[in-house]
Amino acid sequence: MNKAPKVLTRMRLSCCWGDNLNEKELNDVVDYINGLEQQCKKQQQVIDKAIKYVEDYTSGERIITYEQYKSELLDILKEK
């Protein structure tokens, strides 16, 4: 997980003290939030892929050993 940029601490302080962030600081915050959104989308894709894999396995569409099933599922969940 990405560490929050220092500008977020500054943002919290600016809210308390009525101080404004400059354009670079605001861009840093937006970039950080965009990065988190991309991370969430990727995590959702991995979850959806794992759910489909489990559904296919339990429906009998694929006949594989339990060890192969477990190995493939773990590979899906390790995707980054």
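Trainee: Leaving out residues up to four places away in sequence, which residues does Ile-76 touch?
Mentor: In this predicted model, Ile-76 touches Val-46, Lys-49, Ala-50 and Tyr-53, once residues up to four places away in sequence are not counted.

Trainee: And where is Ile-76 placed, and is it buried or exposed?
Mentor: Ile-76 is in helix α3, and it counts as buried because its relative accessible area is 8%, while the cut-off for buried is under 20%.

Trainee: How far apart are Ile-76 and Tyr-53, in sequence and in space?
Mentor: They are 23 residues apart in sequence, and their C-alpha atoms are 8.9 Å apart in space.

Trainee: What else is Tyr-53 in contact with?
Mentor: Setting aside neighbours within four places in sequence, Tyr-53 is in contact with Arg-62, Ile-64, Gln-68, Tyr-69, Glu-72, Leu-73 and Ile-76.

Trainee: Which residues make up the largest nonpolar core?
Mentor: There are seven residues in that core, namely Val-46, Ala-50, Tyr-53, Ile-64, Tyr-69, Leu-73 and Ile-76, and helices α2 and α3 each supply at least two of the core's residues.

Trainee: Staying with α3, which of its residues are buried?
Mentor: The buried residues in α3 are Tyr-69, Leu-73 and Ile-76, and they lie on the same side of the helix, because they cover an arc of only 55° around its axis. As a general point, an α-helix has 3.6 residues a turn, so residues three or four places apart point the same way.

Trainee: What covers those buried residues of α3?
Mentor: Their cover includes α2.

Trainee: What span should the 12 residues of α3 have?
Mentor: At 1.5 Å a residue they should span 16 Å, and this agrees with the end C-alpha atoms of α3, which are 16 Å apart.

Trainee: Switching to Asp-56, where is it placed, and why does it count as buried?
Mentor: Asp-56 is in helix α2, which runs over residues 23-59, and Asp-56 counts as buried because its relative accessibility is 18%, where buried means under 20%. Apart from neighbours within four places in sequence, Asp-56 is in contact with Glu-61 and Arg-62.

Trainee: Zooming out, how many helices and strands are in the protein?
Mentor: The protein has three helices and zero strands, so that, from the N terminus on, its elements run α-α-α.

Trainee: And how much of the protein counts as buried?
Mentor: Of its 80 residues, 19% count as buried, and the protein exposes about 6,600 Å², with carbon and sulfur atoms supplying 57% of that area.

Technical notes
Residues are numbered from 1 along each chain as its sequence is written. This is a predicted model: local features need pLDDT of at least 70, side-chain atom pairs count only at pLDDT 80 or more; totals for chains, interfaces and linings use all residues. Side-chain values use heavy atoms; hydrogens and water are left out. Helices (H or I, at least four residues) and strands (E, at least two) are DSSP runs, numbered from the N terminus. Buried means under 20% relative accessible area, exposed over 50%, partly exposed in between (1.4 Å probe, protein chains only). Contact means heavy atoms within 4.5 Å. A nonpolar core is a set of buried Ala, Val, Leu, Ile, Met, Phe, Trp, Tyr and Cys residues joined through side-chain atoms within 4.5 Å. The expected span of a helix is 1.5 Å times one less than its number of residues. The arc is that of the directions from the helix axis to the C-beta atoms. Accessible areas come from the Shrake-Rupley method with a 1.4 Å probe; for residues, only the protein chains shown count as cover.
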